[in-house]
Amino acid sequence: MIRFEQVTKRFPDGTVAVSNLDLDIDAGRITVLVGASGCGKTTTLRMINRMIEPTGGRILIDGKDVHDSDPPTLRRQIGYVIQQAGLFPHRTVARNIATVPLLLGWSRKKAKARALELLEMVGLPAEHANRYPHQLSGGQQQRVGVARALAADPPILLMDEPFSAVDPVVRAALQDELLTLQKDLRKTIVFVTHDIDEAIRLGDKVGVFRPGGGLVQYDTPERLLAAPKDAYVDDFLGTDRGLRRLSTVSAVALTAVDGPAVTEHTPVGRARQIAAQHDSEWLLVLDPHTHPRGWAKVADLPETGDVTGAAVTPIGRVFQLEEDSMRGALDSAVMSPAGLAVAVDGAGRLVGTVSLASIHASTP
Ligand SMILES: Nc1ncnc2c1ncn2[C@@H]1O[C@H](COP(=O)(O)OP(=O)(O)O)[C@@H](O)[C@H]1O
Ligand SMILES: [Mg+2]
């Protein structure tokens, strides 16, 4: 665990970047520090590995004051990732990743093997090992930055806006990968961002900082969204707080029921009956393996034959009860012309449908 006790940083020009900060950071979890620019997030992060020295208070790692460890020893147990990855431009990808192992005196062979292992872990092909950073995309460079920070397997990872410079799609992929990696690695990660969505997505706990006001609220994403402590936090969470909150609630509480679903080979007459039983103007058409194919409008069904030939509107989104959030279920219902969310199992087969009304009723 990392503990801040009454930590203050006053820069020589008189700027107080951090003031009397008390904060406990859980081991093996992702803690996100979020706030507008200038509210002391980077300063807070850099005091952990002594890139910046506090002017008051102390910081303990597992009960030990960081001030009592010399910076090189301290940094060996703390990986550091920054925006734009901060890679050495004149070194190959493998050499970049191997930086710390080589400093630690590992053999070239062992360091190289470790670099290749990490490349794979962060989802990059082995051929990239001999490229130079400028030959990679921004997202790939960030992955190398993460690999480099993990090279010596430090228990602590500090990440300062690591994904802020890449486009939203790549960013979401990097966030997913960090969460996947963390399932195995269980590092103590302190992640700084100014993006509240990123904070809620990644954080086991989120600390909201206010310019000049320090840490305003420190909570799980669920509690933050359910009970913002004051108007500042409420504003920061934004007008779509309700929607964001749905992203933190599992869809498992929903019950999927038999909906107006038919396989392609259902005769049209029978299909009309099923639609009528469900009082529905739309039918969910399934392939022979019960994978949902699309929505067919009952009024547009052919006169005779089966449903195979019916025109279908594609399904915008399906969801899984165990894997997805209420937000996922809501998106699925909203995108469906019938107002029904489509629940599938892990193999993409239909489990059932959930109405908008029952999603609302099941939302705390
Ligand atoms: N070396 C420095 N000297 C003086 N002021 C600084 C220095 N570094 C940061 N600051 C100031 O401290 C405040 C907090 O900065 P920082 O920790 O970088 O914030 P954040 O990462 O949240 O944007 C800002 O007002 C910034 O201008
Ligand atoms: Mg910063």
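1. Helix H1, residues 41–48, contributes three residues to the shell around ligand 1, the largest contribution of any element; helices here are DSSP runs of H or I with at least four residues, strands are runs of E with at least two, and both are numbered from the N terminus. The structure is a predicted model, in which local features need pLDDT of at least 70 and side-chain atom pairs count only at pLDDT 80 or more, while totals for chains, interfaces and linings use all residues. Residues are numbered from 1 along each chain as its sequence is written, chains are lettered from A and ligands numbered from 1 in the order in which they are written, and side-chain values use heavy atoms, with hydrogens and water left out.

2. The whole shell of ligand 1 consists of Phe11, Asp13, Thr15, Ala17, Ala36, Ser37, Gly38, Cys39, Gly40, Lys41, Thr42 and Thr43, where a residue belongs if one of its heavy atoms lies within 4 Å. By class, these residues comprise four nonpolar, six polar and two charged; Ala, Val, Leu, Ile, Met, Phe, Trp, Tyr, Cys and Pro count as nonpolar, Asp, Glu, Lys and Arg as charged, and the others, Gly among them, as polar.

3. Several polar contacts (pairs of N or O atoms within 3.5 Å; within protein, one must be able to donate a hydrogen and the other to accept it, and residues adjacent in sequence count only if both atoms are side-chain atoms) deserve attention at this site. A polar side-chain atom of Thr42 is 2.8 Å from an oxygen atom of ligand 1, a backbone N or O atom of Gly40 is 3.1 Å from an oxygen atom of the ligand, and a polar backbone atom of Cys39 is 3.2 Å from an oxygen atom of ligand 1. Taken alone, ligand 1 exposes 560 Å², and the protein buries 61% of that, with areas from the Shrake-Rupley method and a 1.4 Å probe.

4. H1 itself is mostly covered, since six of its eight residues are buried, namely Lys41, Thr43, Thr44, Leu45, Met47 and Ile48. Buried means under 20% relative accessible area, exposed over 50%, and partly exposed in between, with a 1.4 Å probe and protein chains only. H1 is followed by Arg50, which has a positive phi near 65°.

5. The largest pocket has a volume of about 1,200 Å³, and of its 36 lining residues, Leu179, Ile200, Arg201, Leu202 and Ser247 lie nearest its centre. The elements that give two or more residues to this lining are H7, helix H8 (196–202), helix H9 (221–226) and helix H13 (326–335), with the largest share, nine residues, coming from H7. The lining includes eight nonpolar, 10 polar and 18 charged residues. On a 1 Å grid over the protein atoms alone, a pocket is an open set of points with protein on both sides within 12 Å along at least five of seven lines, a cavity is a set where a 1.4 Å probe fits but cannot get out, and lining residues have an atom within 4 Å of a point. Points are joined across faces, edges and corners, and a volume is the space filled by probe spheres set on them.

6. Two cavities of 30 Å³ or more are found in the whole structure. The largest has a volume of about 80 Å³ and is lined by Val122, Arg143, Val146, Phe163, Leu174, Glu177, Leu178 and Leu181.

7. Ser164, in the loop between strand S7 (156–160) and H7, is buried, with a relative accessible area of 18%. Its side chain makes a polar contact of 2.6 Å with the side chain of Glu161. Glu5, by contrast, sits in strand S1 (residues 2–10) and is partly exposed at 26%.

8. Overall, the protein has 14 helices and 16 strands, and 46% of its 364 residues count as buried. Its C-alpha trace spans about 80 × 50 × 30 Å along the principal axes.
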